[in-house]
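Biologist: Let us go through this structure and test each label against its rule. Please give the cut-offs as we go.

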Amino acid sequence: MARRKKGRVKRALKEVVSMSFFLLFVLILTYFVLLYVGQRTEVVGSSMEYTLLDGDHLIVDKLSYRLDDPKRFDIVVFPYQKSNTFFIKRIIGMPGETVEIKDGVIYINDTPLIESYGREVIAFPGRAEKPVKLGGNEYFVMGDNRNDSTDSRDSSVGNVERKDIVGKAWIRIWPFSRIGILRHQ
């Protein structure tokens, strides 16, 4: 009888230790996934309407840009003024290019940008009223809601350095009615 009881206690202890190691492994794996692969973020505000709406929850792909560079029209996440507040905007200008906004139209290296994201005429060119030359590691970003977005046109945001881009908005997970992979190109 005592032997049986000892055997049960031993098996139960083994099960507890095994489950503890499994849970520790899952926690460590989750930590590394959130640190290096992806993170959840919430859209606050209307600057990316109608692609992204206030309250949309997204998964940001942090791995892609470790393997490849951002591309024009990618929707990226980056910290605002090196703080814990993150902005989500679309890449318009690429490293080495010159961006200018004339008569409500975006020009890249003196050529009008053909795009389908900003549907309105830009009322406020901001610092892009004059040509903005991007450095070899800088991007010019704008919200899709061009007349209601604090973006690279504003000196508080300015050009976004490559090292500051956290990742690319990849998939909308909330609300359920709008779940899906985000269109970039």
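Biologist: Which residues form a nonpolar patch on the surface?

Modeller: Leu13, Val17, Phe21, Leu24 and Ile28 form it, with about 490 Å² of accessible area together. First, the ground rules. This is a predicted model, where local features need pLDDT of at least 70, side-chain atom pairs count only at pLDDT 80 or more, and totals for chains, interfaces and linings use all residues. Residues are numbered from 1 along each chain as its sequence is written, and side-chain values use heavy atoms, with hydrogens and water left out.

Biologist: What makes a patch?

Modeller: Its residues need over 30% relative accessible area and no salt bridge; nonpolar side chains (Val, Leu, Ile, Met, Phe, Trp, Tyr) are joined within 5 Å, like charges within 9 Å. A salt bridge is a side-chain nitrogen of Lys or Arg within 4 Å of a carboxyl oxygen of Asp or Glu. Areas come from the Shrake-Rupley method with a 1.4 Å probe, and for residues only the protein chains shown count as cover.

Biologist: Why is Val17 called partly exposed?

Modeller: Its relative accessible area is 39%. Buried means under 20%, exposed over 50%, and partly exposed lies in between (1.4 Å probe, protein chains only). So Val17 is partly exposed.

Biologist: How many aromatic pairs are there?

Modeller: Four. Rings of Phe, Tyr and Trp (its six-membered ring) pair if their centres lie within 6.5 Å; planes under 30 degrees apart are stacked, over 60 edge-to-face, the rest tilted. Phe73 and Tyr117 are 5.4 Å apart, centre to centre, with 50 degrees between the planes, a tilted pair.

Biologist: Are Phe73 and Tyr117 buried or exposed?

Modeller: Phe73 has 11% relative accessibility, so it is buried. Tyr117 is buried too, at 7%.

Biologist: Why is the pair of Tyr80 and Phe87 called stacked?

Modeller: Their centres are 4.5 Å apart and their planes at 15 degrees, so the pair is stacked. Ring pairs also link Phe78, Tyr80 and Phe87 into a cluster.

Biologist: Which charged end sits over the ring of Tyr117?

Modeller: That of Arg90, 3.4 Å from the ring centre. The rule asks for NZ of Lys or CZ of Arg within 6 Å of the ring centre and within 35 degrees of the ring normal. Lys102 lies over the face of Tyr107, at 4.5 Å from the ring centre.

Biologist: Why does Ser152 count as buried?

Modeller: Its relative accessibility is 0%, so Ser152 is buried.
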